[in-house]
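User: Could you walk me through this structure? I would like to begin with one of its loops.
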Amino acid sequence: MKQTIHNEKTGIDYTLVGEVYLPNLVLPHGDYEIGVWGERYREYIKCHRKAFYTSLKIQCELDEHLQEVDIRASEMYDRLVNQFAQREDITEQLKAADMMQWVAAMNNISNRAREIVWNDITGGDE
């Protein structure tokens, strides 16, 4: 018996293990960097959208999806923080003049931006 065979119909290679041919199945392994937004979203869909989470896992698309969400959320967060800071005149001059006021204002902006991004990626479900 041959050690390996190829099925032309399916395009799958098989390896002889004992007396049985087993398919050579390899999961696609992307090199995805998933940041804080992607990890938070993973936990959200794992708890609140179980069927969607399972479907992504089965189709080997979870990491790619989480990376897309993470990139979109990070860009949105950065854009919102910059827009809010500009609109509210939170500048480097304020930082130099009154550090505590600047920190308080930036924390407020950061919290608002986080809430907006979270509502966007979860669809306001939580």
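Analyst: Aspartate 89 lies in the loop between H3 and helix H4 (92-97). Helices (H or I, at least four residues) and strands (E, at least two) are DSSP runs, numbered from the N terminus. This is a predicted model, in which local features need pLDDT of at least 70, side-chain atom pairs count only at pLDDT 80 or more, and totals for chains, interfaces and linings use all residues. Residues are numbered from 1 along each chain as its sequence is written, and side-chain values use heavy atoms, with hydrogens and water left out.

User: Is aspartate 89 buried or exposed?
Analyst: Aspartate 89 counts as exposed because its relative accessibility is 56%. Buried means under 20% relative accessible area, exposed over 50%, and partly exposed in between (1.4 Å probe, protein chains only).

User: What is the phi of aspartate 89?
Analyst: Aspartate 89 has a positive phi of about 55°, although it is not a glycine. Cysteine 60, also not a glycine, has a positive phi of about 55°.

User: Where is cysteine 60 found?
Analyst: Cysteine 60 is in the loop between helix H2 (50-58) and helix H3 (62-87). Cysteine 60 is partly exposed, since its relative accessible area is 36%.

User: Now the sheet: in what order do the strands come?
Analyst: The 3 strands form an open sheet in the order E1-E2-E3, with antiparallel pairing. Strand E1 (4-7) and strand E3 (20-23) are the edge strands, each pairing on one side only. Two strands pair if DSSP finds at least two bridges between them.

User: How many bridges join E2 and E3?
Analyst: E2 and E3 pair in the antiparallel sense over 4 bridges. Tyrosine 14 stands opposite proline 23 in E3.
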